[in-house]
Amino acid sequence: MLIPHPLLGLRDSSEFVYLGDAVLLDRPDGMAPDAAARFHEYVHLRDNPAGLHRELWFHEQGDRSWLVVTRNTVTHEILGAELASTAKLKGGAA
Amino acid sequence: MPAVAYSGFRVIRESLTGHRGWKPVWRDPQPQPAYDFIIVGGGGHGLATAYYLATVFRQARIAVLEKSWLGSGNIGRNTTIIRSNYLLPGNEPFYEFSMKLWENLEQELNFNAMVSQRGILNLIHSDGQRDAYRRRGNAMILAGADAELLDREQVRAMYPWLNFDNARFPIKGGLLQRRAGTARHDGVAWGYARGADRAGVDLIQNCEVTGFRIENGRIRGVETSRGPIAAGKVGVAVAGSSGRVMAMAGMRLPIESHVLQAFVTEGLKPAIDGVITFGAGHFYVSQSDKGGLVFGGDIDGYNSYAQRGNLAVIEDVTQGGMALMPMIGRARLLRVWGGIMDMSMDGSPIIDRTPVEGLYLNAGWCYGGFKATPASGYAFAHLLATGTPHDTARLMRLDRFERGYPIDEKGMGATPNLH
(Lines give C-alpha, C1' and ligand atoms only; values in the text may rest on other atoms or scores of the structure.)
Protein backbone atom coordinates (compact mmCIF):
# COMPACT_ATOMS: atom_id res chain seq x y z
CA MET A 1 0.00 0.00 0.00
CA LEU A 2 1.24 3.48 -0.87
CA ILE A 3 0.28 6.31 1.46
CA PRO A 4 0.03 9.80 -0.11
CA HIS A 5 1.97 11.74 2.51
CA PRO A 6 0.85 15.41 2.36
CA LEU A 7 4.47 16.63 2.59
CA LEU A 8 6.52 13.79 1.07
CA GLY A 9 4.29 12.33 -1.64
CA LEU A 10 3.65 8.62 -2.09
CA ARG A 11 5.41 6.55 0.59
CA ASP A 12 5.32 2.77 1.12
CA SER A 13 3.16 1.78 4.08
CA SER A 14 6.02 -0.35 5.43
CA GLU A 15 7.72 2.93 6.47
CA PHE A 16 4.80 3.54 8.81
CA VAL A 17 3.60 2.14 12.11
CA TYR A 18 -0.13 1.66 12.49
CA LEU A 19 -2.00 2.75 15.59
CA GLY A 20 -5.73 2.46 14.87
CA ASP A 21 -8.99 4.32 14.47
CA ALA A 22 -8.58 8.11 14.25
CA VAL A 23 -11.14 8.56 17.04
CA LEU A 24 -8.06 8.11 19.25
CA LEU A 25 -7.40 11.81 18.50
CA ASP A 26 -10.48 12.65 20.56
CA ARG A 27 -9.17 11.94 24.02
CA PRO A 28 -11.96 12.32 26.60
CA ASP A 29 -11.84 14.88 29.37
CA GLY A 30 -10.33 13.14 32.39
CA MET A 31 -12.12 15.51 34.75
CA ALA A 32 -15.61 14.85 33.38
CA PRO A 33 -18.00 13.18 35.84
CA ASP A 34 -18.40 10.16 33.52
CA ALA A 35 -14.69 10.01 32.69
CA ALA A 36 -14.30 6.30 33.59
CA ALA A 37 -17.05 5.21 31.20
CA ARG A 38 -15.81 7.49 28.44
CA PHE A 39 -12.23 6.30 28.80
CA HIS A 40 -13.43 2.69 28.62
CA GLU A 41 -15.11 3.50 25.32
CA TYR A 42 -12.09 5.45 24.13
CA VAL A 43 -9.52 2.79 25.00
CA HIS A 44 -11.43 -0.41 24.29
CA LEU A 45 -14.44 -0.06 21.99
CA ARG A 46 -14.20 0.33 18.22
CA ASP A 47 -16.59 0.78 15.31
CA ASN A 48 -14.37 -1.62 13.32
CA PRO A 49 -16.11 -0.81 10.02
CA ALA A 50 -15.97 -2.87 6.83
CA GLY A 51 -15.46 -0.05 4.35
CA LEU A 52 -14.08 3.45 4.81
CA HIS A 53 -11.89 3.81 7.89
CA ARG A 54 -10.07 6.89 9.14
CA GLU A 55 -6.96 5.70 10.94
CA LEU A 56 -3.69 6.88 12.44
CA TRP A 57 -0.36 5.97 10.87
CA PHE A 58 3.03 7.14 12.24
CA HIS A 59 5.81 7.78 9.71
CA GLU A 60 8.47 6.22 11.91
CA GLN A 61 10.96 5.49 9.11
CA GLY A 62 10.40 8.94 7.63
CA ASP A 63 9.62 12.39 8.99
CA ARG A 64 8.01 11.01 12.17
CA SER A 65 4.72 12.76 11.53
CA TRP A 66 1.34 11.32 12.46
CA LEU A 67 -1.11 11.00 9.57
CA VAL A 68 -4.84 10.42 9.40
CA VAL A 69 -5.27 8.06 6.45
CA THR A 70 -8.64 7.29 4.89
CA ARG A 71 -8.60 3.71 3.66
CA ASN A 72 -11.12 1.11 2.57
CA THR A 73 -10.74 -1.92 4.86
CA VAL A 74 -12.39 -4.22 2.31
CA THR A 75 -10.20 -3.35 -0.69
CA HIS A 76 -7.14 -1.71 0.99
CA GLU A 77 -7.63 1.28 -1.34
CA ILE A 78 -6.24 4.47 0.20
CA LEU A 79 -8.34 7.52 -0.55
CA GLY A 80 -6.32 10.23 1.15
CA ALA A 81 -4.05 11.28 3.97
CA GLU A 82 -3.56 14.42 6.00
CA LEU A 83 -1.39 15.42 8.91
CA ALA A 84 -2.98 14.43 12.20
CA SER A 85 -2.24 17.91 13.56
CA THR A 86 -4.30 19.41 10.71
CA ALA A 87 -7.11 16.91 11.24
CA LYS A 88 -7.15 17.70 14.94
CA LEU A 89 -7.39 21.45 14.27
CA LYS A 90 -10.39 20.74 12.03
CA GLY A 91 -12.19 18.98 14.89
CA GLY A 92 -10.50 15.65 15.50
CA ALA A 93 -11.87 12.57 13.85
CA ALA A 94 -15.23 14.06 12.97
CA MET B 1 -31.30 -39.73 8.99
CA PRO B 2 -29.78 -43.19 9.48
CA ALA B 3 -26.56 -43.02 11.39
CA VAL B 4 -24.02 -44.64 9.12
CA ALA B 5 -20.74 -45.08 10.92
CA TYR B 6 -17.40 -44.78 9.16
CA SER B 7 -14.99 -47.65 9.62
CA GLY B 8 -12.14 -49.42 7.90
CA PHE B 9 -14.55 -52.23 7.02
CA ARG B 10 -16.86 -49.73 5.33
CA VAL B 11 -14.02 -48.34 3.23
CA ILE B 12 -13.13 -51.85 2.04
CA ARG B 13 -16.76 -52.67 1.26
CA GLU B 14 -17.23 -49.44 -0.70
CA SER B 15 -14.02 -49.98 -2.62
CA LEU B 16 -15.31 -53.40 -3.70
CA THR B 17 -18.68 -52.01 -4.80
CA GLY B 18 -17.51 -49.02 -6.83
CA HIS B 19 -17.97 -46.45 -4.05
CA ARG B 20 -21.68 -46.17 -4.85
CA GLY B 21 -22.72 -46.34 -1.20
CA TRP B 22 -21.41 -42.95 -0.07
CA LYS B 23 -24.18 -40.44 0.53
CA PRO B 24 -24.15 -36.72 1.38
CA VAL B 25 -22.94 -36.42 4.94
CA TRP B 26 -25.48 -33.85 6.09
CA ARG B 27 -28.94 -32.71 5.05
CA ASP B 28 -29.69 -29.41 3.30
CA PRO B 29 -32.84 -28.39 5.22
CA GLN B 30 -35.16 -25.46 4.65
CA PRO B 31 -35.19 -23.05 7.60
CA GLN B 32 -38.08 -23.59 10.02
CA PRO B 33 -40.08 -20.55 11.21
CA ALA B 34 -38.76 -20.87 14.76
CA TYR B 35 -35.98 -22.53 16.75
CA ASP B 36 -35.02 -22.66 20.42
CA PHE B 37 -31.39 -21.93 19.56
CA ILE B 38 -29.88 -20.20 16.55
CA ILE B 39 -26.12 -20.23 16.09
CA VAL B 40 -24.95 -17.50 13.70
CA GLY B 41 -21.86 -18.69 11.84
CA GLY B 42 -21.22 -22.14 10.38
CA GLY B 43 -17.51 -22.22 11.05
CA GLY B 44 -15.60 -24.42 13.45
CA HIS B 45 -16.80 -22.72 16.61
CA GLY B 46 -20.43 -22.44 15.50
CA LEU B 47 -20.62 -26.07 14.36
CA ALA B 48 -18.91 -27.29 17.55
CA THR B 49 -21.36 -25.23 19.61
CA ALA B 50 -24.34 -26.78 17.84
CA TYR B 51 -22.84 -30.25 18.21
CA TYR B 52 -22.28 -30.01 21.97
CA LEU B 53 -25.61 -28.21 22.47
CA ALA B 54 -27.43 -31.13 20.85
CA THR B 55 -25.37 -33.98 22.29
CA VAL B 56 -23.90 -33.05 25.69
CA PHE B 57 -26.57 -30.56 26.75
CA ARG B 58 -29.47 -32.46 25.18
CA GLN B 59 -31.14 -29.44 23.58
CA ALA B 60 -33.38 -29.64 20.52
CA ARG B 61 -34.64 -27.29 17.80
CA ILE B 62 -31.19 -25.91 16.95
CA ALA B 63 -30.16 -24.22 13.71
CA VAL B 64 -26.79 -23.05 12.43
CA LEU B 65 -27.06 -20.16 9.95
CA GLU B 66 -24.14 -19.72 7.57
CA LYS B 67 -24.03 -16.97 4.95
CA SER B 68 -21.78 -19.00 2.66
CA TRP B 69 -20.83 -22.69 2.83
CA LEU B 70 -19.94 -24.53 6.03
CA GLY B 71 -16.36 -24.00 7.11
CA SER B 72 -15.74 -21.23 4.57
CA GLY B 73 -13.97 -18.88 6.98
CA ASN B 74 -11.02 -19.22 9.31
CA ILE B 75 -11.53 -22.94 10.05
CA GLY B 76 -10.32 -23.53 6.48
CA ARG B 77 -7.64 -20.82 6.55
CA ASN B 78 -5.47 -21.53 9.57
CA THR B 79 -2.15 -23.31 10.09
CA THR B 80 -3.85 -26.28 11.85
CA ILE B 81 -1.88 -26.14 15.12
CA ILE B 82 -3.41 -27.41 18.35
CA ARG B 83 -1.70 -26.70 21.68
CA SER B 84 -2.32 -25.62 25.25
CA ASN B 85 0.85 -23.72 26.12
CA TYR B 86 -0.68 -20.59 27.61
CA LEU B 87 0.28 -18.83 30.81
CA LEU B 88 -2.59 -17.03 32.53
CA PRO B 89 -5.27 -18.59 34.75
CA GLY B 90 -8.08 -17.26 32.53
CA ASN B 91 -6.63 -19.00 29.47
CA GLU B 92 -4.55 -22.08 30.30
CA PRO B 93 -7.26 -24.27 31.92
CA PHE B 94 -9.54 -23.51 28.96
CA TYR B 95 -6.97 -24.45 26.32
CA GLU B 96 -6.01 -27.58 28.25
CA PHE B 97 -9.70 -28.53 28.33
CA SER B 98 -9.66 -28.04 24.56
CA MET B 99 -6.56 -30.23 24.25
CA LYS B 100 -8.31 -33.03 26.14
CA LEU B 101 -11.31 -32.75 23.82
CA TRP B 102 -8.97 -32.93 20.81
CA GLU B 103 -7.47 -36.14 22.15
CA ASN B 104 -10.84 -37.89 22.02
CA LEU B 105 -12.36 -35.95 19.13
CA GLU B 106 -12.15 -38.54 16.37
CA GLN B 107 -13.64 -41.33 18.45
CA GLU B 108 -16.41 -39.04 19.61
CA LEU B 109 -17.26 -37.76 16.11
CA ASN B 110 -16.51 -41.01 14.24
CA PHE B 111 -14.65 -38.81 11.80
CA ASN B 112 -10.98 -38.73 10.87
CA ALA B 113 -9.84 -35.21 11.78
CA MET B 114 -6.20 -36.36 11.50
CA VAL B 115 -5.34 -35.19 15.00
CA SER B 116 -1.60 -35.70 15.25
CA GLN B 117 0.12 -35.09 18.59
CA ARG B 118 3.50 -34.41 17.07
CA GLY B 119 4.59 -31.85 19.67
CA ILE B 120 5.25 -28.12 19.60
CA LEU B 121 8.65 -26.66 20.39
CA ASN B 122 8.96 -22.98 21.38
CA LEU B 123 12.60 -22.00 20.92
CA ILE B 124 14.58 -20.06 23.52
CA HIS B 125 17.23 -17.54 22.47
CA SER B 126 18.17 -15.75 25.69
CA ASP B 127 18.39 -16.29 29.43
CA GLY B 128 15.42 -14.03 30.03
CA GLN B 129 13.36 -16.01 27.58
CA ARG B 130 14.34 -19.24 29.34
CA ASP B 131 13.04 -17.81 32.62
CA ALA B 132 9.79 -16.79 30.93
CA TYR B 133 9.33 -20.22 29.37
CA ARG B 134 10.16 -21.99 32.62
CA ARG B 135 7.40 -19.97 34.26
CA ARG B 136 5.03 -20.76 31.41
CA GLY B 137 5.87 -24.45 31.57
CA ASN B 138 5.16 -24.51 35.30
CA ALA B 139 1.84 -22.72 34.73
CA MET B 140 0.96 -25.34 32.11
CA ILE B 141 1.79 -28.22 34.44
CA LEU B 142 -0.25 -26.63 37.24
CA ALA B 143 -3.24 -26.59 34.87
CA GLY B 144 -2.80 -30.28 34.06
CA ALA B 145 -0.98 -29.85 30.75
CA ASP B 146 2.47 -31.23 29.90
CA ALA B 147 5.63 -29.22 29.41
CA GLU B 148 9.33 -29.97 29.17
CA LEU B 149 12.18 -27.50 29.21
CA LEU B 150 14.88 -28.64 26.78
CA ASP B 151 18.49 -27.51 26.66
CA ARG B 152 20.38 -26.73 23.49
CA GLU B 153 21.64 -30.27 22.93
CA GLN B 154 18.20 -31.78 23.38
CA VAL B 155 16.86 -29.38 20.76
CA ARG B 156 19.78 -30.22 18.48
CA ALA B 157 18.95 -33.91 18.78
CA MET B 158 15.42 -33.21 17.55
CA TYR B 159 16.16 -30.69 14.80
CA PRO B 160 19.88 -30.66 13.94
CA TRP B 161 19.35 -28.41 10.92
CA LEU B 162 18.14 -25.37 12.87
CA ASN B 163 20.39 -22.32 12.84
CA PHE B 164 21.86 -22.76 16.33
CA ASP B 165 24.67 -20.27 15.87
CA ASN B 166 22.76 -17.34 14.46
CA ALA B 167 24.87 -14.38 15.62
CA ARG B 168 21.93 -12.38 16.93
CA PHE B 169 19.56 -15.13 18.03
CA PRO B 170 21.45 -18.30 18.99
CA ILE B 171 19.19 -21.18 20.00
CA LYS B 172 19.67 -21.96 23.69
CA GLY B 173 16.87 -24.41 24.30
CA GLY B 174 13.14 -24.80 24.00
CA LEU B 175 9.85 -25.41 25.72
CA LEU B 176 8.28 -28.60 24.40
CA GLN B 177 4.66 -29.66 24.71
CA ARG B 178 4.54 -33.21 23.38
CA ARG B 179 0.73 -33.50 23.42
CA ALA B 180 0.36 -30.51 21.10
CA GLY B 181 0.36 -30.99 17.35
CA THR B 182 -1.81 -30.49 14.32
CA ALA B 183 -5.23 -31.50 13.02
CA ARG B 184 -6.85 -31.49 9.59
CA HIS B 185 -8.66 -28.15 9.74
CA ASP B 186 -11.45 -28.85 7.23
CA GLY B 187 -11.93 -32.31 8.71
CA VAL B 188 -12.70 -30.71 12.07
CA ALA B 189 -15.46 -28.58 10.54
CA TRP B 190 -16.86 -31.52 8.58
CA GLY B 191 -16.73 -33.82 11.59
CA TYR B 192 -18.63 -31.39 13.79
CA ALA B 193 -21.10 -30.61 10.99
CA ARG B 194 -21.82 -34.31 10.45
CA GLY B 195 -22.13 -34.91 14.18
CA ALA B 196 -24.47 -31.96 14.64
CA ASP B 197 -26.61 -32.96 11.68
CA ARG B 198 -26.92 -36.51 12.99
CA ALA B 199 -28.03 -35.06 16.35
CA GLY B 200 -30.86 -33.20 14.60
CA VAL B 201 -29.33 -29.76 14.12
CA ASP B 202 -30.46 -27.92 10.98
CA LEU B 203 -27.35 -26.67 9.12
CA ILE B 204 -28.66 -23.90 6.88
CA GLN B 205 -26.17 -22.62 4.31
CA ASN B 206 -26.41 -19.56 2.04
CA CYS B 207 -28.47 -17.89 4.76
CA GLU B 208 -27.02 -14.55 5.83
CA VAL B 209 -28.24 -12.89 9.01
CA THR B 210 -29.19 -9.34 8.07
CA GLY B 211 -30.59 -8.13 11.39
CA PHE B 212 -31.73 -9.03 14.89
CA ARG B 213 -35.29 -8.81 16.16
CA ILE B 214 -35.00 -7.31 19.62
CA GLU B 215 -38.06 -6.36 21.70
CA ASN B 216 -37.81 -4.73 25.13
CA GLY B 217 -34.18 -5.70 25.43
CA ARG B 218 -34.81 -9.34 24.59
CA ILE B 219 -33.89 -11.26 21.46
CA ARG B 220 -36.88 -12.60 19.51
CA GLY B 221 -35.17 -13.88 16.41
CA VAL B 222 -33.11 -12.94 13.39
CA GLU B 223 -33.77 -11.48 9.95
CA THR B 224 -32.03 -13.44 7.23
CA SER B 225 -31.61 -13.45 3.49
CA ARG B 226 -34.07 -16.37 3.54
CA GLY B 227 -36.69 -14.64 5.68
CA PRO B 228 -37.21 -14.01 9.40
CA ILE B 229 -36.58 -16.84 11.87
CA ALA B 230 -37.77 -16.68 15.47
CA ALA B 231 -35.49 -17.91 18.24
CA GLY B 232 -35.39 -18.20 22.00
CA LYS B 233 -31.64 -17.75 22.22
CA VAL B 234 -29.13 -16.61 19.62
CA GLY B 235 -25.40 -17.30 19.79
CA VAL B 236 -23.05 -15.38 17.51
CA ALA B 237 -19.77 -17.07 16.51
CA VAL B 238 -18.61 -15.23 13.40
CA ALA B 239 -14.92 -14.51 14.12
CA GLY B 240 -13.68 -11.65 11.93
CA SER B 241 -17.22 -10.48 11.18
CA SER B 242 -18.11 -10.05 14.88
CA GLY B 243 -18.01 -6.26 14.70
CA ARG B 244 -20.28 -6.13 11.67
CA VAL B 245 -22.81 -8.61 13.05
CA MET B 246 -23.01 -7.18 16.56
CA ALA B 247 -23.38 -3.66 15.15
CA MET B 248 -26.79 -4.88 13.94
CA ALA B 249 -27.66 -5.32 17.63
CA GLY B 250 -26.40 -1.81 18.37
CA MET B 251 -23.17 -2.95 20.02
CA ARG B 252 -19.59 -1.75 19.71
CA LEU B 253 -17.07 -4.44 20.63
CA PRO B 254 -13.55 -4.37 22.10
CA ILE B 255 -12.42 -5.90 18.81
CA GLU B 256 -10.64 -4.85 15.62
CA SER B 257 -10.61 -7.04 12.50
CA HIS B 258 -7.15 -7.66 11.07
CA VAL B 259 -5.74 -9.80 8.29
CA LEU B 260 -3.33 -12.66 9.02
CA GLN B 261 -1.47 -14.38 6.21
CA ALA B 262 -0.40 -18.01 6.08
CA PHE B 263 1.86 -19.84 3.68
CA VAL B 264 2.53 -23.27 2.27
CA THR B 265 5.44 -24.46 0.16
CA GLU B 266 5.52 -27.11 -2.51
CA GLY B 267 5.51 -30.68 -1.22
CA LEU B 268 8.85 -31.79 0.18
CA LYS B 269 10.24 -34.99 1.66
CA PRO B 270 9.67 -35.41 5.41
CA ALA B 271 11.82 -32.91 7.28
CA ILE B 272 9.88 -31.48 10.21
CA ASP B 273 7.97 -33.99 12.31
CA GLY B 274 6.63 -31.45 14.83
CA VAL B 275 5.71 -27.81 15.14
CA ILE B 276 8.51 -25.28 15.72
CA THR B 277 8.16 -21.65 16.75
CA PHE B 278 10.96 -19.10 16.44
CA GLY B 279 11.37 -17.24 19.73
CA ALA B 280 13.15 -14.16 18.42
CA GLY B 281 10.70 -13.22 15.69
CA HIS B 282 7.19 -14.27 14.89
CA PHE B 283 7.50 -17.40 12.78
CA TYR B 284 6.15 -20.91 13.19
CA VAL B 285 6.33 -23.89 10.90
CA SER B 286 5.12 -27.45 10.56
CA GLN B 287 4.95 -29.92 7.69
CA SER B 288 1.65 -31.17 6.35
CA ASP B 289 1.04 -34.81 5.58
CA LYS B 290 1.25 -33.90 1.89
CA GLY B 291 4.76 -32.56 2.51
CA GLY B 292 4.22 -28.82 2.24
CA LEU B 293 5.81 -26.63 4.88
CA VAL B 294 2.95 -24.71 6.50
CA PHE B 295 4.09 -21.52 8.17
CA GLY B 296 2.99 -18.10 9.34
CA GLY B 297 3.89 -15.12 11.44
CA ASP B 298 2.54 -11.71 12.36
CA ILE B 299 -0.72 -10.16 11.30
CA ASP B 300 -0.36 -7.36 8.76
CA GLY B 301 -1.17 -4.88 11.52
CA TYR B 302 -3.90 -2.65 10.05
CA ASN B 303 -7.68 -3.05 10.15
CA SER B 304 -8.79 -5.21 7.25
CA TYR B 305 -11.72 -7.22 5.97
CA ALA B 306 -9.88 -8.26 2.81
CA GLN B 307 -8.90 -11.92 2.94
CA ARG B 308 -5.47 -11.07 1.60
CA GLY B 309 -2.47 -9.15 2.89
CA ASN B 310 0.52 -7.24 1.60
CA LEU B 311 4.04 -8.13 0.49
CA ALA B 312 5.87 -6.38 3.35
CA VAL B 313 4.59 -8.92 5.87
CA ILE B 314 5.33 -11.82 3.51
CA GLU B 315 8.95 -10.61 3.43
CA ASP B 316 8.99 -10.22 7.21
CA VAL B 317 7.68 -13.73 7.84
CA THR B 318 10.02 -15.38 5.34
CA GLN B 319 12.98 -13.49 6.82
CA GLY B 320 12.05 -14.97 10.18
CA GLY B 321 12.03 -18.38 8.51
CA MET B 322 15.45 -17.80 6.97
CA ALA B 323 16.89 -16.79 10.35
CA LEU B 324 15.54 -19.94 11.97
CA MET B 325 16.14 -22.55 9.27
CA PRO B 326 18.17 -21.32 6.29
CA MET B 327 17.25 -24.43 4.28
CA ILE B 328 13.72 -23.04 3.88
CA GLY B 329 15.20 -20.65 1.32
CA ARG B 330 15.41 -23.55 -1.14
CA ALA B 331 11.68 -24.27 -0.92
CA ARG B 332 9.31 -22.63 -3.37
CA LEU B 333 6.18 -20.99 -2.03
CA LEU B 334 3.05 -22.64 -3.35
CA ARG B 335 0.28 -20.54 -1.84
CA VAL B 336 -0.28 -17.49 0.36
CA TRP B 337 -3.67 -16.67 1.78
CA GLY B 338 -5.26 -14.44 4.39
CA GLY B 339 -7.98 -14.71 6.99
CA ILE B 340 -9.78 -12.09 9.04
CA MET B 341 -8.93 -12.19 12.73
CA ASP B 342 -11.16 -10.75 15.45
CA MET B 343 -8.34 -9.16 17.46
CA SER B 344 -9.50 -8.33 20.97
CA MET B 345 -8.10 -5.62 23.19
CA ASP B 346 -6.19 -8.04 25.43
CA GLY B 347 -5.50 -10.84 22.98
CA SER B 348 -7.92 -13.21 24.74
CA PRO B 349 -11.38 -14.38 23.66
CA ILE B 350 -14.89 -13.53 24.77
CA ILE B 351 -17.55 -16.15 25.55
CA ASP B 352 -20.33 -14.29 27.30
CA ARG B 353 -23.89 -13.03 27.36
CA THR B 354 -24.52 -9.52 26.01
CA PRO B 355 -26.66 -6.62 27.27
CA VAL B 356 -29.45 -8.01 25.03
CA GLU B 357 -31.16 -10.84 26.91
CA GLY B 358 -30.90 -14.12 25.02
CA LEU B 359 -28.13 -12.87 22.72
CA TYR B 360 -24.73 -14.43 23.33
CA LEU B 361 -21.30 -13.71 21.88
CA ASN B 362 -18.34 -15.95 21.09
CA ALA B 363 -15.57 -13.76 19.62
CA GLY B 364 -12.14 -12.23 20.01
CA TRP B 365 -10.13 -15.34 19.11
CA CYS B 366 -7.36 -13.28 17.56
CA TYR B 367 -5.28 -15.72 15.54
CA GLY B 368 -5.64 -18.59 18.03
CA GLY B 369 -9.15 -19.78 17.36
CA PHE B 370 -8.46 -23.13 15.69
CA LYS B 371 -6.94 -24.90 18.69
CA ALA B 372 -9.82 -23.63 20.81
CA THR B 373 -12.55 -25.03 18.55
CA PRO B 374 -13.70 -27.95 20.77
CA ALA B 375 -13.58 -26.07 24.08
CA SER B 376 -15.05 -22.93 22.54
CA GLY B 377 -18.01 -24.93 21.24
CA TYR B 378 -18.39 -26.79 24.52
CA ALA B 379 -18.19 -23.66 26.69
CA PHE B 380 -20.50 -21.66 24.41
CA ALA B 381 -23.03 -24.50 24.39
CA HIS B 382 -22.79 -24.62 28.19
CA LEU B 383 -23.51 -20.90 28.37
CA LEU B 384 -26.41 -21.10 25.90
CA ALA B 385 -28.00 -24.14 27.56
CA THR B 386 -27.53 -23.28 31.22
CA GLY B 387 -27.15 -19.50 31.24
CA THR B 388 -23.96 -19.82 33.29
CA PRO B 389 -20.38 -19.82 32.01
CA HIS B 390 -18.41 -23.04 31.75
CA ASP B 391 -15.88 -23.23 34.56
CA THR B 392 -12.87 -22.91 32.23
CA ALA B 393 -14.33 -19.87 30.42
CA ARG B 394 -15.67 -17.90 33.35
CA LEU B 395 -13.07 -15.12 33.03
CA MET B 396 -13.71 -14.62 29.29
CA ARG B 397 -16.27 -11.93 29.99
CA LEU B 398 -17.33 -9.19 27.58
CA ASP B 399 -17.30 -6.56 30.33
CA ARG B 400 -13.87 -7.46 31.72
CA PHE B 401 -12.26 -4.45 30.04
CA GLU B 402 -14.64 -2.03 31.70
CA ARG B 403 -14.16 -3.73 35.08
CA GLY B 404 -10.40 -3.81 34.74
CA TYR B 405 -9.90 -7.58 34.49
CA PRO B 406 -8.32 -8.16 31.07
CA ILE B 407 -6.58 -11.47 30.34
CA ASP B 408 -3.50 -9.93 28.78
CA GLU B 409 -1.31 -12.89 27.85
CA LYS B 410 1.44 -10.69 26.37
CA GLY B 411 1.08 -7.68 28.66
CA MET B 412 0.60 -5.40 25.65
CA GLY B 413 -2.44 -3.42 26.76
CA ALA B 414 -5.22 -2.34 24.42
CA THR B 415 -3.19 -2.67 21.19
CA PRO B 416 -4.99 -5.28 19.06
CA ASN B 417 -2.41 -5.23 16.28
CA LEU B 418 0.40 -6.23 18.66
CA HIS B 419 -1.22 -9.24 20.34
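Hi everyone, let's start with chain B, whose secondary structure comes to 11 helices and 18 strands. Please keep in mind that this is a predicted model.

If you'd like to picture the outline, the C-alpha trace of chain B spans about 65 × 65 × 40 Å along its principal axes.

Now for the inside of chain B. Of its 419 residues, 53% are buried. And what about contacts along the chain? Taking those in chain B with a separation of 6 or more, 75% are between residues 24 or more positions apart.

Let's turn to chain A, where I'd like to show you a sheet. It is an open one, made of 4 strands in the order S3-S4-S5-S6, and the pairing is antiparallel. Which strands sit at the edges? Those are S3, residues 17-21, and S6, residues 78-83, of chain A, and each of them pairs on one side only. On average, neighbouring strands in this sheet are turned by 30° against each other, direction ignored.

Let's zoom in on one end of that sheet. Strand S3 of chain A pairs with S4, residues 52-58 of chain A, in the antiparallel sense, over 4 bridges.

Methods: Residues numbered from 1 in each chain as written. Chains lettered and ligands numbered in written order. Predicted model: local features only at pLDDT ≥ 70, side-chain atom pairs only at ≥ 80, totals over all residues. Pairing = 2+ DSSP bridges. Helix = DSSP H or I, 4+ residues; strand = E, 2+ residues; numbered from the N terminus. Axes fitted to C-alpha atoms, helices over the stretch in contact; angles between N-to-C directions. Buried ≥ 20, exposed ≤ 12 C-beta atoms within 10 Å, placed from the backbone. Contact = placed C-beta atoms within 7 Å.
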